[in-house]
Amino acid sequence: MIQQVTYQGQILAIIVPRYFDEMGIHFFTSNDLSQQLAYMHHPAKTVIQPHVHNPVNRNVQYTQEVLFIKKGKLRVDFYNEQQQYLDSRILETGDTILLVTGGHGFEVLEEIEMLEVKQGPYVGEQDKTRFVGITAEQTKVVELSN
């Protein structure tokens with residue numbers, strides 16, 4: 001089951017757990033998000049018609065990141081825009097998360113390998129505001145549901 005992390009009606013993140021497995025194409029994001037996330041599962045011999053993507057001007061205001069957990073275990077701590085801690089989730093090998101809005105921090109619980117995809121270009125420290133987060137003892141971990 002896909003899990004949306006929300007705060008006051010705003011999507012902070014979308015988690016696609018490692019066990020998600022449905023045939024077809026499933027978009028988990030609305031058309032207005034600047035980062036789109038979909039899952040695709042097709043049988044052998046499926047043909048996806050060749051195509052090119054047309055140049056389209058897009059206005060991107062916030063960086064949105066997608067993390068693919070290749071190996072390991074990662075705790076994701078969620079914060080609202082005012083940098084107040086909300087709760088945490090544990091991601092494991094095979095999980096994917098789209099970080100949409102709000103703040104986030106991480107603690108590596110087991111050695112991790114992950115891929116990050118986000119919009120560019122990266123503008124260094126102008127790209128983010130760092131702040132002091134919670135400690136491991138302060139976390140409220142919400143379990144991912146099957």
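User: Phe20 and Phe28: buried or exposed?

Analyst: Both Phe20 and Phe28 are buried (under 20% relative accessible area with a 1.4 Å probe and protein chains only; exposed is over 50%, partly exposed in between). This is a predicted model, in which local features need pLDDT of at least 70 and side-chain atom pairs pLDDT 80 or more, while totals for chains, interfaces and linings use all residues. Residues are numbered from 1 along each chain as its sequence is written, and side-chain values use heavy atoms, without hydrogens or water.

User: How many aromatic pairs are there?

Analyst: The count is 4 aromatic pairs, taking rings of Phe, Tyr and Trp (its six-membered ring) with centres within 6.5 Å; planes under 30 degrees apart are stacked, over 60 edge-to-face, the rest tilted. One of them joins Phe20 and Phe28 edge-to-face, at 5.5 Å centre to centre and 85 degrees between the planes. Another is Tyr79 with Phe131, whose planes meet at 85 degrees with the centres 5.0 Å apart, so this pair is also edge-to-face. It links distant parts of the chain, since Tyr79 is in strand 5 and Phe131, 52 residues away, is in the segment after strand 8 (103-118). Strands here are DSSP E runs of at least two residues, numbered from the N terminus.

User: Which residues form the aromatic cluster?

Analyst: Phe20, Phe28 and Tyr39 make up one cluster.

User: And how accessible is Tyr79? What about Phe131?

Analyst: Tyr79 has a relative accessible area of 4%, so it is buried. Phe131 is at 30%, and therefore counts as partly exposed.

User: Moving to Asp77, where is it found?

Analyst: Asp77 belongs to strand 5 (residues 65-79). It is classed as buried because its relative accessible area is 3%.

User: With which side chain does Asp77 make a polar contact?

Analyst: The partner is the side chain of Ser88, at 2.6 Å (N or O atoms within 3.5 Å, one able to donate a hydrogen and the other to accept it; residues adjacent in sequence count only if both atoms are side-chain atoms). Beyond neighbours within four places in sequence, Asp77 has contacts (heavy atoms within 4.5 Å) that include Tyr85, His104 and Thr139.

User: Why is strand 2 called largely enclosed?

Analyst: Strand 2 (residues 10-16) has 5 of its 7 residues buried, so the rest of the structure largely encloses it.

User: Which way does strand 2 run against strand 1?

Analyst: The two are antiparallel, over 5 bridges; pairing requires at least two DSSP bridges. Thr6 stands opposite Ile11 there. Strand 2 also runs antiparallel to strand 7 (residues 96-99), with 4 bridges, and Ala13 faces Leu99.
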